[in-house]
Amino acid sequence: MRGRAARKRRRKRESVVQSVSLCHQLQYVRLRTFLHQRGFSSTLLQPALFTDTGRGLQALKSIKPGQLLISLPESCLLTTSTVLDSYLGQYIKSWKPRLSPLLALCVFLVCERHLGEASDWFPYIDALPAAYACPAYFTDAAAAVLPSGARRRALEQREAVRELHSLHQNFFRSLQPLLSQPVDEVLTYEALRWAWCSVNTRSVFMSHPSNDSLSGQDVYALAPFLDLLNHGPDVQVKASFNDVTRCYEIRSVSGTPRYQQAFINYGSHDSQRLMLEYGFVAPRNPNSVVYVDADLLCDVLRGDKSLDQKIKFLKENNFLHNLTVSSEGPGWRLMTALRLLSLPQTLYHLWKAVLLGQVLCEEREEWSVQTAKTLCQRLLQDSHTALDKIADLLRQCDLPVREQLYVVESLRQEERCILGSCLELLEGPPRQPPGEPFPRQPDADAAS
């Protein structure tokens, strides 16, 4: 009994989120001084280290629903206007073809980091992470243990950053007069990757007027201090730039108790998207799903002689993407795709009725449910295999790779829980599908 009680007390201690203030550390003292000089101060929030999320902002007072959480003056925001008004402005404005707003911000961050303490933005850049756990940083080993769809998108992200670097070598070389070292040692692929991740993971959405000097939509604003706010999937806030006060404002909808971490919401994203875009997986995410790839679907159904024709039909009708399962069961799109795949040629004319939610005969519905179960079992086995591989890798890798693997491990663990819950539901009592089933038809070419 004593051992069990001790375990319970330990679990309770571990479940209680603890925090340590960071406001006395030099980099945060510098950051707050820098922002104060630009017209911002906050008595409501302080930087802190939390046991569950790492770095974040802690409420020093109770924040009531509807209360302003933060109001950051325009002078504190780093935007393309900042870049174009800087020493880089003449180089960017004269360059053809025009650069994207994203690249302009990335180059500015790299150049400012190169200046070190001589940079006006040094207190902010010094507070940025030195590296990120998003896929642009992933090693081949970390990418290999991602789910197949996420792995494909992760490799695309990594390649996009590499291409961004290689395609703009001539522009980078034009900046040599500004740099105290050879441009090849400053605007490296690694430096651009760091800047790209800084902008993509930390900027807030802020629409800017079109600019003749840049090409493409300009919606980025880097927001010092504000970007320390972490994502909470169940949190509601209102965030926008206030044209009257000329501040970027975030207003809490639900409030935050004193000394608790204040969160914002990055959007209703599932964990794969959070991992791909921000480099983390949020616990207890109500938007979490597991994706079913078309390749897996084809592999499971490879015995069906008319599979190619059916897949072509699904592709033409935009039904081969966003096929998911959640802890509440297979998604509507997945079940509809499976019902369509169960159709023999003699019932192809009923596809519109299937899309409208009508079901086929009990035999077809049972086939669809059994196929969903097979897909979940295959995905679950893949998750177990990946988690075993991650455990092996964690025993032999260094810290940066370990951070990447922890993110993938969290994604895979969540995936395992979702698939387990979905299988439990599918293996329960037979579901009663809505609507009247169609009469049975000859099914010589039915999916096997």
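Trainee: Which helices do the buried residues of H8 pack against?

Mentor: This is a predicted model. In it, the buried residues of H8 pack against H5 (101-115), H7 (140-144), H9 (169-174), H11 (189-202) and H12 (271-278).

Trainee: And which residues of H8 are buried?

Mentor: Gly-149, Ala-150, Ala-154, Gln-157, Arg-158, Val-161, Leu-164 and His-165.

Trainee: What span does H8 reach from its first C-alpha to its last?

Mentor: H8 covers residues 148-167, 20 residues in all, and reaches 28 Å, close to the 28 Å expected at 1.5 Å a residue.

Trainee: Switching to strands. What is the order in the open sheet of three?

Mentor: S11-S12-S13, with antiparallel pairing. S11 (290-291) and S13 (329-330) are the edge strands; each has a single partner strand, so one side of each has no neighbour in the sheet.

Trainee: How many bridges pair S12 with S13?

Mentor: Two bridges, in the antiparallel sense, with S12 spanning residues 324-326. As one example, Ser-326 has Gly-329 in S13 as its bridge partner.

Trainee: Now the backbone. Which peptide bond is cis at Pro-97?

Mentor: The one from Lys-96 to Pro-97, with omega near -5 degrees. Pro-97 sits in the loop between H4 (89-94) and H5, and H5 is also one of the helices that the buried residues of H8 pack against.

Trainee: What about phi of Arg-284?

Mentor: Near 55 degrees, which is a positive value in a residue other than glycine. Arg-284 is in the loop between H12 and S11.

Trainee: Is Arg-284 buried or exposed?

Mentor: Exposed, at a relative accessible area of 75%.

Trainee: And where does Asn-318 lie?

Mentor: In the loop between H14 (307-316) and S12. Phi of Asn-318 is also positive, near 60 degrees, and the residue is partly exposed, with a relative accessible area of 47%.

Trainee: Zooming out, how many helices and strands does the chain have?

Mentor: The secondary structure comes to 18 helices and 13 strands. The chain has 448 residues, of which 49% count as buried. Its C-alpha atoms fill a box of roughly 80 × 70 × 50 Å along the principal axes.

Trainee: What share of the contacts comes from residues 24 or more positions apart?

Mentor: They account for 72% of the contacts with a separation of 6 or more.

Trainee: Last one: what about surface and charge?

Mentor: The chain exposes about 23,000 Å², and carbon and sulfur atoms supply 50% of that. There are 51 positive and 47 negative side chains, and the centres of the two sets lie 7 Å apart.

Conventions:
Residues are numbered from 1 along each chain as its sequence is written. Side-chain values use heavy atoms; hydrogens and water are left out. Two strands pair if DSSP finds at least two bridges between them. Helices (H or I, at least four residues) and strands (E, at least two) are DSSP runs, numbered from the N terminus. The expected span of a helix is 1.5 Å times one less than its number of residues. Buried means under 20% relative accessible area, exposed over 50%, partly exposed in between (1.4 Å probe, protein chains only). Contact means heavy atoms within 4.5 Å. Accessible areas come from the Shrake-Rupley method with a 1.4 Å probe; for residues, only the protein chains shown count as cover. Lys and Arg count as positive and Asp and Glu as negative; His and the chain ends are not counted. The place of a charge is taken as NZ of Lys, CZ of Arg, CG of Asp or CD of Glu.
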